[in-house]
Amino acid sequence: MTGFDRHAVGLKIGVFLFVLFFLLGSGLWVGLALMGVAYMGMIGFTPRNPGSSMSITVWSSASSWTLTSLPLFIWMGEILYRTRLSEDMFKGLAPWLARFPGGLLHSNVVGCTVFAAVSGSSAATLSTVGKMSIPELRKRGYPEFMIIGTLAGAATLGLMIPPSLTLIVYGVTVQESITSLFMAGVLPGLVLAGMFMAYIAAWSVVRKDQAPAPEPRMSLGEKLSASVLLIPVIVLIVVVIGSMYLGIATATEAAAFGVIGALLLAGIQGSLSWAAFRDSLLGATRTSAMIALILMGAAFLTLAMGFTGVPRALAGLIAQMNLSPVALIAALTVFYIVIGMFLDGISAVVLTMAIIEPMVRAAGIDLLWFGIFIVVVVEMAQITPPVGFNLFVLQGMTRHDMGYIARTALPMFLIMVLMVAVLVAFPGLATWLPKLVQAAQ
């Protein structure tokens, strides 16, 4: 691998890819594995000093101002997760959903949708809503496979509905506006939540024998009284998303507003203890550091990949195949489902963008739309074994076998595949709102 030998390119690419899969499969931290592979690539394909190239690239990626919103949104979700705000949110939603076909199972979907709008993390959404809903739904006699399955699927909405950590990482990687990506995720996120709720309603009609008895009716006054508990979370959502929609704040500034708002609301509510504050800060720091290390490794790998010529070769191969944009999207859907079985969502995005982005640009696909497509297929990765992160979280919460949890999540996986088809058929779902916001500004 030493030196720049033009006559051993095929061998070097083979060694490069072998080292990549070996390090990723060895259990080494993803960020360090990416850096190690990139270092090998730099040695084999360019006479440049790999050490200085790595330091410059890593610093440039880590010091991006756009990336500042990432730890802030993570911290906001951690604050909600560790205070009583999330519990109050469930209590406020339940009375309105009890009479829907499927009953309180809808609280999994709506709860995840609402919490996703102030969290950005699939794992945080799943943990928070699951701790509230699983005991309540079990107590009321809902089938276990529906409780687990709907929660596994609905928690992935944390990746799409803004603020989304995956969209931030995607935007930084392809140099797209984070605010525009956030706006692009709103309508598809709501449509996907609606599809999940339609599945629950259809189940309740087809399997009437499995549905528990309806909840006792509540008066409008009782429902409105319970809804008061939703006000703090709704205020926070309006502040975060509304400030971006109106052009008052960038994504980073909106994240700062969200953190301050979450701290104030938790303080007013009386659930912000010193322990909760400390744990939320440490939790956000750990998660942010993990994602930042992956992004650093990915930035260096992107540089190395450019020297190997792999992205250009693959882009050229795709161009020779003359695939239509729809055929390309179909191929990429299968591709991301497969790699999603072995990589977490953020790693899959940063690891593949160096290769995929040139193809997408060459096919004339809108990068805003493609960002939402990426989020949907990454959502699938969250509930596909053997490395489905949501499956691991649910296994820890419920002690069920991994195979059982994966089977319960299969219908939600198929709904996400249908969502890809909906996005292809109606691309305006992802592009209409960003264009409207840009025109208003």
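Predicted model: local features only at pLDDT ≥ 70, side-chain atom pairs only at ≥ 80, totals over all residues.
## Basis

Local features require pLDDT of at least 70 and side-chain atom pairs pLDDT 80 or more, whereas totals for chains, interfaces and linings use all residues. Residues are numbered from 1 along each chain as its sequence is written, and side-chain values use heavy atoms, with hydrogens and water left out.

## Aromatic pairs

Six aromatic pairs are found in the whole structure (rings of Phe, Tyr and Trp, the last by its six-membered ring, with centres within 6.5 Å; planes under 30 degrees apart are stacked, over 60 edge-to-face, the rest tilted). One of them is the edge-to-face pair of Trp75 and Phe277, at 5.8 Å centre to centre and 65° between the planes. Because Trp75 belongs to helix H4 (residues 69–82) and Phe277 to helix H14 (residues 274–308), this pair ties together parts 202 residues apart in sequence; helices are DSSP runs of H or I, at least four residues, numbered from the N terminus. Trp75 is buried, at 16% relative accessible area, while Phe277 is partly exposed, at 23% (buried is under 20%, exposed over 50%, partly exposed in between; 1.4 Å probe, protein chains only). Trp75, Trp274 and Phe277 form one aromatic cluster.

Phe335 and Tyr336 also form an edge-to-face pair, with 5.3 Å centre to centre and 70° between the planes. Phe335 is partly exposed, at 35% relative accessible area, whereas Tyr336 is buried, at 1%.

Key: Helix = DSSP H or I, 4+ residues; strand = E, 2+ residues; numbered from the N terminus.
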